[in-house]
Amino acid sequence: MDKSSNKVLFINIDFYEYNSRIIKTMVELGYDVDIFCQDPKLNLWDKVCKGIVHGYELNKSIEMQKRFIDSLENKKVKYDFIFVIKGDKLEANFLKRLKELNPNAKMVLYLWDDIKRIPNFFSNRMFFDKIYTFDRYDMKEYNLEFLPLFFCKDFVYNDNKKTIDVYFSGWDHSDRREILERMRTFFLDNHLNYYYYIYTGRGAVFRRKLKQLDFKKEPEYIKYKTLSLDKNAELTKSSKVLIDIQHPSQKGLTMRTFEALASKSKLITTNKDIMNYDFYTSDNIAVIDRENPMIDLDFFISPYQEIGMEIVEKYSLENWVKTIFNH
């Protein structure tokens, strides 16, 4: 790789530990990486203000963007690549000044959310030389490059003993809890052991209870902090079947999908679009209806069908980064 053209500014969102894995992979591939996270770190007071002041978090992000761009101007740092994930909080003026300061940089945007949930996309897309999306429908509608999400090395199966029949971890959003509760009845009736880890904020739980006028104790699987990536990977590789319930508005495949592929775990998913991918087989993947999540018991009994390594490796984080930078 040409060492004279490997300086990267990576502008990311606060997405658990996946950022550190992306950065590590870029460095392993020879890139010199600087980082800017668009999401401000919120203390307790900030979280209170966020709940009562409209646009509070966005305004804090805009202040950060101004300070960061001023520091770049003072340091006279020049980049070869400016790589942005999502960028839903980035101001057009911030991107404009970045481009002015780095006229020779290739600016790349990756969307791992659907465009309907990124309101500034249309005002900001002009600043990017290439835009990738994880959503096949957005790719077609807006003429973007298609690039699915990835799995990290942590999730690659290495003869792990699979002791958990069914595993789910994720944020408590939309109708996830209701779907998981209906499925839990099936697991109990059929003597399948399951492990749920649903994380949320205490404020969100209180608002939910107030709205529903339901103040009974939360289920034991409701947690108030996220799992570490290491622990999530360990549980994933030890599970025969994973559950994936995407946001109702989302059509692109989640990270969980590719982690199942890497860990040689079967997958139960609400995302019908998975049937269009080259690794789909009904032996390993059960597509269910959100309203009526019926599951055939045979799915849990039949053996996992091996997927060719050429297909699996296509969805690795290393290959994802190489594609982003046309490496």
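1. Asn 143 is found in the loop between α6 (136–142) and β6; helices are DSSP runs of H or I with at least four residues, strands are runs of E with at least two, and both are numbered from the N terminus. Asn 143 is not a glycine, yet its phi is positive, at about 55°. The residue is exposed, with a relative accessible area of 69% (exposed means over 50% relative accessible area, buried under 20%, partly exposed in between, with a 1.4 Å probe and protein chains only).

2. On the source: this is a predicted model, in which local features need pLDDT of at least 70 and side-chain atom pairs count only at pLDDT 80 or more, while totals for chains, interfaces and linings use all residues. Residues are numbered from 1 along each chain as its sequence is written, and side-chain values use heavy atoms, with hydrogens and water left out.

3. Two further residues have a positive phi. Lys 264, also not a glycine, has a phi of about 55° and lies in the loop between α10 and β11 (266–269). Lys 264 is partly exposed, at 28% relative accessible area. His 191, which follows α7, has a positive phi near 55°. For background, most residues other than glycine have a negative phi.

4. Overall form: the chain has 13 helices and 12 strands. A compact globule of 327 residues would have a radius of gyration near 20 Å, and the 21 Å of the chain agrees with that (taken over C-alpha atoms; the rule is 2.2 Å times the number of residues to the power 0.38). Along the principal axes, the C-alpha atoms fill a box of roughly 65 × 50 × 35 Å. Of the 327 residues, 51% count as buried. Among contacts with a separation of 6 or more, 70% are between residues 24 or more positions apart (contact means heavy atoms within 4.5 Å).

5. Helix α7 (residues 176–189) has 14 residues and spans 20 Å from its first C-alpha to its last, close to the expected 20 Å (1.5 Å times one less than the number of residues). Its buried residues are Arg 176, Arg 177, Ile 179, Leu 180, Met 183 and Phe 187. Seen down the axis of α7, these buried residues fall within an arc of 150°, so they line one face of the helix (the arc is that of the directions from the helix axis to the C-beta atoms).

6. The structure holds 35 aromatic pairs (rings of Phe, Tyr and Trp, the last by its six-membered ring, with centres within 6.5 Å; planes under 30 degrees apart are stacked, over 60 edge-to-face, the rest tilted). One of them is Tyr 110 with Trp 112: the centres are 6.2 Å apart and the planes at 85°, so the pair is edge-to-face. Trp 112 and Phe 150 also have their centres 6.2 Å apart, but their planes are at 45°, so this pair is tilted. Trp 112 lies in the loop between β4 (106–111) and α5 (121–124) and Phe 150 in the loop between β6 (145–146) and β7 (164–171), so the pair ties together parts 38 residues apart in sequence. Trp 112 is buried at 9% relative accessible area, and Phe 150 at 0%.

7. Met 255 lies in helix α10 (residues 255–263) and is buried, at 7% relative accessible area. Neighbours within four places in sequence aside, Met 255 is in contact with Phe 15, Tyr 18, Trp 112, Leu 149 and Phe 150.
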